[in-house]
Amino acid sequence: MTFAISGECCSDASCVAVCPMNSIHPSPGEAGFGTGVSLFIDPRTCIDCGACADICPVDAAKPADRSAAEDVSRNAAYFAGSDPLAAMDLDTWEPPEYQVWGGGPRRVLVVGAGPAGMYATRELLLRTDAEVTLVDRLAEVGGLVRFGVAPDHPQTKQIIDTFERITRHPRARWRPGTTAEELLGRGGFDAVVHAVGARRSRRLGIVGEDSACTAEDFVAWCNGRPGAVLPVELNGPRVVVVGNGNVALDVARLLVSDDERLRSMDVAAGVRRVLGASGIREVVLLGRRGPEDAAYTESALQELQAMSGGRVTLKYHATPVAWTGADRTPSADRAASGASGAGRGLLLDGGELISAGTLVTAIGFEGDPIDGLPFDSARGTVPNVRGAVVGRPGHYVAGWIKRGARGGIGVNKACAQETVQTLVSSSRGAVSPGS
Amino acid sequence: MDETAQRLLGSADRLSRDPETEIDWDAPVGDGYGLSPEWSTLYGTSYWDELSVDQRRELTRHESASVATTGIWFEMILQQLILRDIYDKPPRTAEFQWALTEIADECRHSIMFARATAKLVEPAYRPRLLARELGRMFKTVATGESAYAAILVAEEVLDVMQRDWMRDRRVAPLVRTVNHIHVVEESRHMVFAREETRERLASAGRGRRWVSALVIAIAADMIVSSMVSPQVYANVGLDVDRAVREARRNEHHRSLLRTSCANLMDFLGSVGLLTPAAARVYRRTGLL
């Protein structure tokens, strides 16, 4: 029968560590790990013990007879071109890796309770005997898992339970609704791990973009993040979503969900009402490059196509130049009328106009500068060497602010492990607050 | 429960291992380490730095034998716990049959560990008297979630270290194979123990949960502190007092232990067995 991993996989590789047959790949360190694709179980070597399902924080590993047929075939297909790894030959396993831990920091501040901050906290609690103070500007742990993951993927949110348990560790001090500055000013920390994510949406840089909605705003609104409002009106019958990542697909899925489907999700009645009243019938998903460059995962695309009933159109190699859907500014009107004469919607560089009532941009995220730390504005990250901030001893980064806005929830585990490893081997003395 | 047990029986059918035939018991052990040196209780201390390579190798072989002996001790306890638990259950159920399969596995493992330790080092090890007597009491009275979660503790702690040792080419091939056999079969046992623990706790009230959590934590303390006998240092010719002192303060070793217990602590937390009182015990033992 064997087990299979579904597309809901968080890739935190807890399953890899418990599989007694080395059947789960790509493992951390192997090619393909951390690129956003899920993990897979080799049905040729799986002995069906269920250890992976037992440990999976998002319930993505299931017995094959309870998995979707696509998931079973996706798992088998991943290994089609390779010979099965013989677990009995112990040299086919990666040798263990050790880092000598001893001494290390006494008090560490972790800024941000999203996945990167939570995994960093967990790693610090395991690897050191430090007291870890964890802060987040929001009142709850989870970050993008709570407020960025589409509400129709509730399984993914299960990992929040794990995160909440971390905050109850005897050496953890959880300070919700607090900023790092409030605590850093008082000093007393040996190290600071900034795991603040990359929450600013990238911009297309086209005329009229100010009256479009970013994926960040849209998903935060759907998930009821405190203070989140939808910045534009949702107008049908057609909406253009620019972007080819899983977030763009999340948005498209939510936009074409009927009321019945919305009712099955954990979304507020107000959100359902607005979506229902929008009259949206169709979504055009626009990729600026070809399908070979698309960042979405195969399973996410399959899911979208299966649920949308043909109401989502994929369009590639399209470069938008102006958005005139809602904007009434003269410049946008001129841009639109100059190219195609009339109409409202998204104007492409070839002169084609996709008429639409709302534009959502989902072309990725970038980080904001952190006070007192250097910033690489081209990459939207804090310059660092294996997590240690360049030129700022005692300051570390983890997650998207460290490596750029790529990789799903679980990839942050390996990322945080690297940062904590660097921290423990190099942290000495108390740090000064951000200047 | 029966569905899980049924699947585990199927899995055992697909791969069960027989140390009797799989291991060449007549082959020489060679001169590998008994466990990954980083897992030695002294690794990272100043005492370790003073040891010659031969002494380090010898130390790890004795430590490995001592850990295996603790494994045998606990496997005997858990065979009795399971046997008592299923004593009057209907034999035709998958749960019953899986429980007996597990006892058979553990029985084979204990024989395997016993033979391997005899090949590895001359002296025989035993858990200390207090642990043996508390174990005697525990195996006679423990029931329900206390029994199954305690089984889980022993299995999980051993599991992570054994995964490291089995993949480590510096470790003697005999130890590597023994560990892999144990890891494969224990993975099924841990699934079963978690499922049983969850099920038994479903109807437990706050008071019972509090008591069970504390009993399990004390059992965990007993298991972990029994793993490497101080006699190990004496048999390798070290200063026992100094070795015990440095091992106890070895933050590197404590961090490895904490890491190997991470999944266990997460599970205990998720089923409500990480009460403040239990957490204090785990913290003192160095597992949290």
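1. Helices (H or I, at least four residues) and strands (E, at least two) are DSSP runs, numbered from the N terminus. With that in hand, A:Trp323 stands opposite A:Leu346 in S15(A).

2. Please keep in mind that this is a predicted model, in which local features need pLDDT of at least 70 and side-chain atom pairs count only at pLDDT 80 or more, while totals for chains, interfaces and linings use all residues. Residues are numbered from 1 along each chain as its sequence is written, chains are lettered from A and ligands numbered from 1 in the order in which they are written, and side-chain values use heavy atoms, leaving out hydrogens and water.

3. Now back to strand S15 (residues 345-348) of chain A, which is joined to S14(A) by three bridges and runs antiparallel to S14(A). Both belong to an open antiparallel sheet of three strands, ordered S14-S15-S16 (chain A). Strand S14 (320-323) and strand S16 (353-355) of chain A each have a single partner strand, so one side of each is left without a neighbour in the sheet.

4. Chain A also has an open sheet of five strands with parallel pairing, in the order S10-S17-S11-S12-S13. At its edges are strand S10 (213-214) and strand S13 (312-315) of chain A, each pairing on one side only. Strand S11 (residues 238-242) and strand S12 (residues 282-286) of chain A run parallel and are joined by five bridges. As an example, A:Arg238 has A:Glu282 in S12(A) as its bridge partner. Helix H10 (residues 246-255) of chain A packs on this sheet, touching S11, S12 and strand S17 (358-361) of chain A.

5. Next, do look at where the chains meet. The contact (heavy atoms within 4.5 Å) takes 43 residues from chain B and 44 residues from chain A. On the side of chain B that touches chain A, the largest share, eleven residues, comes from H8(B).

6. Which charged pairs link the chains? Taking a salt bridge as a side-chain nitrogen of Lys or Arg within 4 Å of a carboxyl oxygen of Asp or Glu, the rule finds eight across the interface of chain B and chain A. One of them joins B:Arg176 to A:Asp91, with the closest N and O atoms 2.9 Å apart.

Definitions and conventions: Pairing = 2+ DSSP bridges. Axes fitted to C-alpha atoms, helices over the stretch in contact; angles between N-to-C directions.
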